[in-house]
Structures are given as structure tokens and as C-alpha cells.
Amino acid sequence: MSAMLETPELPAVFDGVKLAAVAAVLYVIVRCLNLKSPTAPPELIYQDSALAQELHLTILLPSYLTMPDGATATFDLFEPQSEHCIGEDVTMVICPGIANHSEKQYIRTFVDYAQKNGYRCAVLNHLGALPNIELTSPRMFTYGCTWEFGAMVNYIKKTYPQTQLVVVGFSLGGNIVCKYLGESQANQERVLCCVSVCQGYSALRAQETFMQWDQCRRFYNFLMADNMKKIILSHRQVLFGDNMKKPQSLSDADLSKLYTATSLMQIDDNVMRKFHGYSSLKEYYEEESCLHYLHRIYVPLLLVNAADDPLVHESLLSIPKALSEKRENVMHVLPLHGGHLGFFEGSVLFPEPLTWMDKLVVQYANAICQWEKTKSHCSDTEQAVSGQE
């Protein structure tokens with residue numbers, strides 16, 4: 001009898017559980033997307049200099065480049081759709097995020113906006129990232145390898161001898177472009193400025209935080225690792241097949257470990273570091289991070305991060321902050337919100353495709369171009385006056 005009396009109450013219990021589940025999901029969405037968080041101007045850290053005061057701010061066929069080791073690098077070239085604000089030839093050389101390429105939506109949106117502002121754009125396709133391009137060498141893109149990006153930049157310099165360059169990197173691409181510029185002073189020739197968006201600066205420091213559940217970082221780590229596994233496995237015949245050119249340390253045992261990997265660090269340790277012969281994960285992360293190259297960059301450098309980036313822990317932000325406090329050519333921009341390459345504007349459900357990030361990069365590049373043109377004009381005037389005397 002008591003059981004019969006309790007039966008009618010079960011639906012109410014189930015409804016309560018469903019309601020609690022929905023509430024929990026909504027709470028996670030609100031917290032993850034910062035829908036109720038107050039906004040504020042981004043934090044700006046820079047040296048008080050003349051440059052800082054001034055800053056107050058038709059796609060072609062893919063190009064193929066053969067690398068010395070037989071790898072085939074590809075990039076896409078987009079011509080400007082209008083005249084540049086200073087009337088000069090300026091090319092943005094762009095390095096996308098991990099496993100990304102020119103067909104990614106955030107890249108296409110940014111390129112379209114840059115084209116409309118008079119920039120030619122060259123976008124690197126990370127080695128192995130395009131599904132329709134086969135590897136021609138037993139090597140993929142890695143965290144800090146600058147070979148393909150450097151080859152693309154050299155091609156642009158040779159093909160367009162009058163063009164000046166704006167270097168742009170997103171996420172992992174930010175590490176690559178900063179490392180590339182810092183590797184050699186010659187790499188900074190004809191470079192007007194560099195912009196890095198949402199990178200972590202030191203993989204060695206980041207690996208400790210990447211396994212934490214704070215801001216769902218461990219979950220993002222798993223998803224990116226799963227994507228990397230799929231890309232690597234799509235090229236497993238070249239990478240793990242019977243190939244005389246493959247790294248001797250890359251074995252079938254590494255392929256087995258790849259199948260069970262649940263984090264990027266495991267993949268980097270078992271596969272990626274071996275493309276370049278690193279003996280340990282620590283050595284790989286230490287040598288391939290741009291941290292040790294940032295102080296060798298002398299062109300204007302804009303480092304952009306978001307305080308709520310789920311991938312870049314707040315402890316890593318001390319790196320760009322310290323650099324911007326010491327060097328006049330460096331500016332660090334840190335808005336409260338933006339996530340990882342988000343920075344969306346507009347309504348919550350229907351954000352605008354053009355983001356705050358897209359506008360910031362182009363506006364910064366425009367300001368630098370104007371600054372350089374003003375300096376050049378002043379220099380010419382001084383020389384003319386000196387000649388008359």
C-alpha cells in the first residue's frame with residue numbers, strides 16, 4: 001500500500017532532476033561564455049615612447065614550396081581589394097593556429113577584412129593540416145618549427161621586392177612567428193611590425209597547467225589531442241610506413257602509444273619531438289618556445305591575450321607583461337574577455353563574424369604603417385634641408 005502511495009510522486013522527482021540538469025547546463029554555458037560577466041577596457045602594458053603615443057589608437061591558386069628535406073609547404077595568396085591607407089605595397093604574412101590553414105573560418109574572416117583595407121595576405125597551411133595535400137616527407141608541422149613559414153616569407157620578399165611585411169600569428173602560429181623573427185636579425189628585414197594573438201609563450205610552463213580542469217583546460221587538451229591524432233593517422237603511411245627517410249626513433253611502438261594518447265603532451269613526446277631529433281619532451285618544449293627569442297625582436301611587437309583564455313593560464317601572462325614593461329617596441333593588450341581566438345562582438349546568439357581581434361590587428365598595422373611613413377618623410381626632409389645648407 002505504501003508503495004502505491006509513493007508511485008505518483010516519482011514523476012515530480014524526475015522532473016526535479018531534469019530541471020536541475022538543465023539549470024546546471026545553463027550555468028556552465030553562462031560561466032564558460034562569460035554571458036553575465038561585466039566588461040572593462042583591456043589592460044595595456046607598454047613603455048611611454050613616441051611610438052606608443054602614436055598608437056593611441058581575390059584569392060590565387062595555392063603556392064607550393066619544396067623544402068630541403070623533401071617536404072612540400074603550401075600557402076595561399078590573397079591580393080588586396082583596395083588601396084592601402086599609405087598608398088604602399090604591404091603584405092601580411094600569416095601563420096594560423098595548431099593544425100589550421102587558410103580555409104578555417106577565423107582566418108578567412110580576418111583575411112577578407114585585411115584585403116578590404118589594402119593588404120595582400122599570404123597564409124601558411126601547416127604541413128599536413130590540409131586533408132587534400134599529401135605529405136611528401138615523413139614530417140609534419142610542429143610547435144616551433146619555422147622552416148615553412150620562413151620559406152613563405154622568403155618567397156614573398158623575392159616575388160614582391162617592393163613590398164613591406166606585417167607578420168601575424170594566431171595561437172601556435174604566434175609562437176612560430178615570434179621565434180622566426182628572433183632567430184635572425186635578417187628575418188626582420190622589411191618587417192614593419194609583428195602581431196601575436198592568444199599564444200602561450202612557453203610550452204614548458206604551459207604543460208603543467210594543461211592537465212588542470214580549471215576553465216575546462218583538460219577537456220580542451222583532450223579535444224585538441226584527438227584532432228591531432230586524426231591528422232597524424234591520416235598520414236600514417238608516410239610517417240610510420242617503411243620509409244628510409246623517416247626518423248630512426250619513430251617506431252611502431254610510437255604508433256601504438258599514439259592510439260591511446262589523451263593529451264597533446266603525450267603526442268608531442270611520442271611523435272612530434274622526434275621529427276627534429278629531440279631526446280626529451282622537456283628539451284623539445286624548451287628549444288621550440290619563443291620565450292628565448294622575444295628579446296631579440298626589434299620591430300614593433302603587439303602581444304594580444306584574453307584574461308579568460310581557457311588554454312593560456314594566467315601564470316603565462318607574466319611573460320608578455322614583463323617584456324612590455326622593459327622594451328619600448330612591445331605592447332601587451334589584455335582584455336577581460338575573448339576566450340581563445342574568440343573576441344566576438346554583437347549579440348550573444350548572433351555575434352558579428354568580424355571580431356574585435358580582426359579590427360585590432362588591422363588598426364595596429366595601419367598605425368605602424370602611418371608611423372613608418374611619417375618617420376621616412378621627416379628623414380627625407382632633414383636630408384633635403386641639410387643638402388641645401
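Modeller: This is a predicted model. Start with helix packing: the buried residues of α10 pack against α8, α9 (236–240) and α11 (264–270).

Biologist: Which residues of helix α10 are buried?

Modeller: In α10, which covers residues 252–260, they are Asp254, Leu255 and Leu258. Looking down the axis of α10, these buried residues fall within an arc of 105 degrees, so they line one face of the helix.

Biologist: Which exposed residues does the face turned away from the buried side of α10 carry?

Modeller: That face carries Asp252 and Thr260.

Biologist: Is glycine 339 buried or exposed?

Modeller: The idea is to compare relative accessible area with a cut-off: buried means under 20%. Glycine 339 has 14% relative accessibility, so it counts as buried. Glycine 339 sits in the loop between β9 (330–334) and α14 (356–388).

Biologist: What does glycine 339 touch, leaving out residues up to four places away in sequence?

Modeller: Its contacts are Cys198, Ala306, Asp308, Asp309 and Pro310. Take proline 310: 29 residues separate it from glycine 339 in sequence, while the C-alpha to C-alpha distance is 6.2 Å.

Biologist: Is tryptophan 213 buried or exposed?

Modeller: Here the cut-off for exposed is over 50%. Tryptophan 213 has a relative accessible area of 63%, so it is exposed. Tryptophan 213 lies in the loop between α7 (203–209) and α8 (217–234).

Notes. Residues numbered from 1 in each chain as written. Predicted model: local features only at pLDDT ≥ 70, side-chain atom pairs only at ≥ 80, totals over all residues. Heavy atoms only, no water. Helix = DSSP H or I, 4+ residues; strand = E, 2+ residues; numbered from the N terminus. Buried < 20%, exposed > 50% of the residue type's maximum accessible area, 1.4 Å probe, protein only. Contact = heavy atoms within 4.5 Å. Arc of directions from axis to C-beta.
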